[in-house]
Amino acid sequence: MKLQRLFTILIAVFTVSVTMADRPKIGLVLGGGGAKGAAEVGALKVIEQAGIPIDYIAGSSVGAIIGGLYAAGYTASELETLFQTQEWLSLLTDRNTAFSNEPYKTQNGVTYIFGFPVMDRNSSGFGIMRGGRIEQVLDSMVSVRGCTEFESLRIPFRCVAADMRTAKEVVLAKGIVASAIRASMAIPGIFKPVTKGDWLLVDGGLLNNLPVDVCKAMGADIIIAIDLQQDEKQPKERAETTLLTGIGDLLGLGGVIEWLTNRPDIRKHVENKKLADIYIRPDIPDYDVTSFGNKNSARMIKAGEEAAKKHWEELRKLK
């Protein structure tokens, strides 16, 4: 009797092991969109409720922030708390809260308007914000989970940036996680570029805002993509003037004309949407990349949940 029970247990363990080893690998792709990233957190909550195991993660811009933290072991619930309690505007803009009530203040070569740095005489190059505070917070958060470098992350993760020197997409896959995320979210003209070797890196969303192809290359068999872009032909969604400034920095005047004619970012976005097996797009047309704040975050998180629930049967079948 004992031998029969042991035999049954061994068969069960073997069957589960083979099933887990043979199951399709699931990839999660998180698009860029600034404050609208809160909607991705809402969608993640539903994906977790469906019990979907995530094997690979790829993200651009705010998708890199959420993806990197999720890969380090933060749950959707913890990310929800982060979005609703963190002073994102101050964090992203390196705001000096000591000067928040002063219309104009200059200290150590940096000029502040109500605490926001608008000019730094000690720094050269494109971009006003150094992004030091957000990088420090991200580094602290992943370090708490023992995941300072890519190799130590609990889920394999990639984030996308764009090289200003070559106008080429760069997929970051090794080194310090916080620094890579900081590069992926460096909107040209707003944030200082990040130097890595021969690269001068800025926001990956300029060239690949929904990196499904990157996640496929990692080895994912099935892709769940969360897209924050609301209208394929509206560069306004990524702040039109900032976008064109960024492309100008990358390509020069001639390159801008060619880019506007061909819009390779839109073409790649369309191709990547087709590659996604489960495509989730939260309906958040009334919000933009700067819609930070607790109330906005709560509404966008809800919108993300509602969008993911529309795919509940697909998610359950995948499970």
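The protein chain has 12 helices and 11 strands. What you see is a predicted model, so please keep that in mind throughout. Of the 319 residues in the chain, 50% are buried. The chain exposes about 15,300 Å², and carbon and sulfur atoms supply 55% of that area. Now take the contacts between residues at least 6 apart in sequence: 72% of them join residues at least 24 apart.

Let me go to the inside. The largest nonpolar core has 65 residues, and within this core Leu 28 and Ile 47 touch the most other members. What does Leu 28 contact, once its neighbours within four places in sequence are left aside? Its partners are Leu 44, Ile 47, Ile 54, Tyr 56, Ile 57, Ala 58, Tyr 70, Cys 215, Ile 224 and Ile 226. There is also a second, separate core of 13 residues, and its members include Val 29, Ala 58, Ala 220 and Ile 223.

One of the partners of Leu 28 was Cys 215. Cys 215 counts as buried because its relative accessibility is 0%. Cys 159 is buried too, again with a relative accessible area of 0%. How many disulfides are there in the whole structure? The search finds 0. For anyone new to the term, a disulfide is a covalent bond between the sulfur atoms of two cysteines.

Next, the charged pairs. The count of salt bridges comes to 6, and I will go through three of them.

Start with Arg 23 and Asp 55, whose side chains meet at 2.8 Å, N to O. Arg 23 sits in the loop between α1, residues 2–22, and β1, residues 26–30, while Asp 55 sits in the loop between α2 and β2, residues 56–60, so this pair ties together parts that are 32 residues apart in sequence. Asp 55 has 15% relative accessibility, and since the cut-off for buried is under 20%, Asp 55 counts as buried.

Another bridge joins the side chains of Glu 80 and Lys 45, at 3.1 Å, N to O. Glu 80 belongs to helix α4 and Lys 45 to helix α2, so the pair ties together parts that are 35 residues apart in sequence. Are these two residues buried or exposed? Both Glu 80 and Lys 45 are buried.

Lys 45 also meets the side chain of Glu 305 in a salt bridge, at 3.3 Å, N to O. Here the pair links distant parts of the chain, with Glu 305 in helix α11 and Lys 45 in helix α2, 260 residues apart. Through shared partners, the salt bridges join Lys 45, Glu 80 and Glu 305 into one network. Glu 305 is buried as well.

That brings us to helix α11 itself. Helix α11 has 16 residues and reaches 23 Å from its first C-alpha to its last, close to the 22 Å expected at 1.5 Å a residue. Which of its residues are buried? They are Ser 297, Met 300, Ile 301, Ala 303, Gly 304, Glu 305, Ala 307 and Ala 308. When you look at that list, remember that an α-helix has 3.6 residues a turn, so residues three or four places apart point the same way. The cover over the buried residues of α11 includes α2, residues 37–49, α4, residues 76–85, β11, and α12, residues 312–318.

Asp 286 lies in the loop between β11, residues 278–280, and α11, residues 294–309. With 71% relative accessibility, Asp 286 counts as exposed. Asp 286 and Met 300 are 14 residues apart along the chain, and their C-alpha atoms are separated by 9.9 Å.

For contrast, look at helix α7, residues 177–184. In α7, 8 of the 8 residues are buried, so this helix is largely enclosed by the rest of the structure. Among those buried residues are Val 177, Ile 181 and Arg 182.

Last, two backbone angles. Most residues other than glycine have a negative phi. Ser 61 is not a glycine, yet its phi is positive, near 60 degrees. Ser 61 lies in the loop between β2 and α3, residues 62–71, and is buried, because its relative accessible area is 6%. Ala 167, also not a glycine, has a positive phi of about 60 degrees. Ala 167 lies in the loop between β6, residues 157–163, and β7, residues 168–172.

Conventions
Residues are numbered from 1 along each chain as its sequence is written. This is a predicted model: local features need pLDDT of at least 70, side-chain atom pairs count only at pLDDT 80 or more; totals for chains, interfaces and linings use all residues. Side-chain values use heavy atoms; hydrogens and water are left out. Helices (H or I, at least four residues) and strands (E, at least two) are DSSP runs, numbered from the N terminus. Buried means under 20% relative accessible area, exposed over 50%, partly exposed in between (1.4 Å probe, protein chains only). The expected span of a helix is 1.5 Å times one less than its number of residues. Contact means heavy atoms within 4.5 Å. A salt bridge is a side-chain nitrogen of Lys or Arg within 4 Å of a carboxyl oxygen of Asp or Glu. A disulfide is a pair of cysteine sulfur atoms within 2.5 Å. A nonpolar core is a set of buried Ala, Val, Leu, Ile, Met, Phe, Trp, Tyr and Cys residues joined through side-chain atoms within 4.5 Å. Accessible areas come from the Shrake-Rupley method with a 1.4 Å probe; for residues, only the protein chains shown count as cover.
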